[in-house]
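Open the model in your viewer and keep the selection tool at hand. The stops below say what to select and what is there.

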Amino acid sequence: MQLTSDFHILSKGKCHPCPSLKSLSSRIGGMLCNYGSSSKYKKLDSKLERKMIEMKGSASGQSNFKSIDSIILRFPQFREGLRNLRGVFKQYDEDSNGTIDREELNRCLEKLQLHFTKEEVEDLFHSCDIDGSEGIQFNEFIVLLCLIYLLMKPSSSPDNTLKMHSLQLEATFDTIVEAFLFLDKNGDGKLNKKDVMKALNEASPWERSPARVTRTRFKEMDWDKNGKVCFREFLFAFINWVGIESDEELPDSGT
């Protein structure tokens with residue numbers, strides 16, 4: 001497998017471009033602005049930012065990723081790890097309408113033995129329901145579970161951590177977090193354009209990525225156009241880069 005600087009993957013003799021998020025990021029960015037993203041998601045994003053700073057500090061500079069290419073090479077493993085959530089999603093989508101509403105989400109959290117206040121559930125729901133459909137779709141469900149897993153991941157008390165009942169899924173979430181931490185060069189819990197540019201050029205400084213590539217990659221993450229990318233924004237973009245949303249290979253177990 002070979003890679004190009006524009007997030008194209010050359011596999012088995014064929015070049016597969018990673019899905020472009022130009023229209024998606026533009027559409028979602030507009031939604032976030034309309035819903036007052038600066039205040040609506042501030043509480044949750046602040047928690048995530050503090051968590052990332054804490055995890056960056058505990059990592060002590062150690063990472064399995066040495067370049068952006070080393071992250072892209074993991075895309076097939078990410079896709080395989082996340083696709084297993086399709087069955088979990090269908091289990092909690094009780095009316096099989098393709099979304100999980102508030103009542104279904106509450107029952108899902110109860111079955112997972114997760115205890116949140118009503119306000120916390122609302123924060124999670126709204127932060128992941130990025131299209132404002134009042135229902136959590138599959139890609140949003142992945143983000144929601146990852147955020148819960150991350151926020152409940154303790155620093156020193158593993159007995160309280162969320163058990164996903166899948167070592168593969170837990171490892172996938174941990175590796176996605178590690179990818180974010182690799183990009184967060186200054187360790188402030190969020191990404192900026194300088195971080196992304198440094199990561200893109202880190203492996204081969206003599207073969208610098210075109211400026212347009214850096215701008216495009218950053219715009220795909222910076223939906224609210226504030227010049228900073230929180231983990232939640234990164235996670236939505238990352239799932240689309242991996243291609244989980246366009247995965248059509250999964251059979252419908254209900255037919």
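Select helix 3 and helix 9 of this predicted model: their crossing is left-handed, a term used when the near helix is turned anticlockwise from the far one by less than a right angle, clockwise being right-handed. Helices here are DSSP runs (H or I, at least four residues) and strands are runs of E (at least two), numbered from the N terminus.

Now show the side chains at the contact (heavy atoms within 4.5 Å). Helix 3 contributes Leu44, Lys47, Leu48, Lys51, Met52 and Met55, and helix 9 contributes Leu147, Leu150 and Leu151.

Next, select residues 116-151: this span is 69% helix and 0% strand, with its end C-alpha atoms 12 Å apart. Residues 80-115 are 61% helix and 0% strand, and their end C-alpha atoms lie 29 Å apart.

Last, colour by pLDDT, the predictor's confidence in each residue from 0 to 100. The chain mean is 74, and 69% of residues reach 70 or more. Residues 1-37 fall below 50, yet have 70 contacts beyond near neighbours in sequence. Residues 155-161 are also below 50, with 6 such contacts. Where pLDDT is low, the predicted coordinates should not be read in detail.

Residues are numbered from 1 along each chain as its sequence is written, and side-chain values use heavy atoms, without hydrogens or water. Local features need pLDDT of at least 70 and side-chain atom pairs 80 or more, while totals for chains, interfaces and linings use all residues.
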